[in-house]
Amino acid sequence: MAAAAATMVAPPGAPPSWVTLRFRVKYWTVWGQNLVLCGSDPRLGAWDVRKGVFMHCHHVGEEELLWTGKVRGAFGGAPFQYRYAVVDGDMNVVKWCALTHTVDVSPALLSSSRRTG
């Protein structure tokens with residue numbers, strides 16, 4: 001799986017812990033497969049792919065696919081983990097991404113992103 005990216009955006013005027021997390025990863029799937037963002041936070045399905053974030057596919061040129069997804073909400077400041085899963089049309093896991101990523105949505109980072117962002 002290609003390098004994954006997660007970015008955090010704290011909208012102006014939003015409550016201190018309210019953010020939009022945007023995820024993007026380049027990954028080639030076969031017809032009928034999809035990518036699901038799944039993680040330890042309940043908004044990411046609590047490791048249940050059927051409750052995870054269904055990602056959207058964008059073609060980049062003729063030979064690359066860019067998958068994107070986002071999660072909005074108030075995060076409690078505790079770090080959480082996530083992985084990508086390739087699923088078939090019935091949401092059966094075909095493959096898990098080998099890497100588990102950690103996102104830290106601490107109040108200090110939120111304050112910093114509001115000042116700089």
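Mentor: Let's start with a term: buried means under 20% relative accessible area, exposed means over 50%, and partly exposed lies in between, using a 1.4 Å probe and protein chains only. This is a predicted model, where local features need pLDDT of at least 70, side-chain atom pairs count only at pLDDT 80 or more, and totals for chains, interfaces and linings use all residues. Residues are numbered from 1 along each chain as its sequence is written, and side-chain values use heavy atoms, with hydrogens and water left out.

Trainee: Is Glu64 buried, partly exposed or exposed?

Mentor: Take its relative accessible area, which is 34%. Buried needs under 20% and exposed needs over 50%. That makes Glu64 partly exposed.

Trainee: Which residue does Glu64 meet in a salt bridge?

Mentor: A salt bridge here is a side-chain nitrogen of Lys or Arg within 4 Å of a carboxyl oxygen of Asp or Glu. The N to O distance for this pair is 3.5 Å. The partner of Glu64 is Lys26.

Trainee: How many residues apart in sequence are the parts that this pair ties together?

Mentor: Strands are DSSP runs of E with at least two residues, numbered from the N terminus. Glu64 lies in strand β6 (residues 64–74) and Lys26 in strand β2 (residues 18–26), so the separation in sequence is 38 residues.  Lys26 itself is partly exposed, at 35%. To repeat the value you asked for: 38 residues.

Trainee: Which residue forms a salt bridge with Asp41?

Mentor: The search of the whole structure finds two salt bridges, and Asp41 takes part in one with its closest N and O atoms 2.8 Å apart.

Trainee: How many residues are in the largest nonpolar core?

Mentor: A nonpolar core is a set of buried Ala, Val, Leu, Ile, Met, Phe, Trp, Tyr and Cys residues joined through side-chain atoms within 4.5 Å. Leu21, Phe23, Leu35, Leu37, Met55 and Tyr84 touch the most other members. Strands β2, β3 (34–39), β6 and β7 (80–87) each supply at least two residues of this core. The core holds 21 residues.

Trainee: How many disulfides does the structure hold?

Mentor: A disulfide is a pair of cysteine sulfur atoms within 2.5 Å. Cys57 is partly exposed at 34%, and Cys97 is buried at 7%. The number of disulfides is zero.

Definitions and conventions: Helix = DSSP H or I, 4+ residues; strand = E, 2+ residues; numbered from the N terminus.
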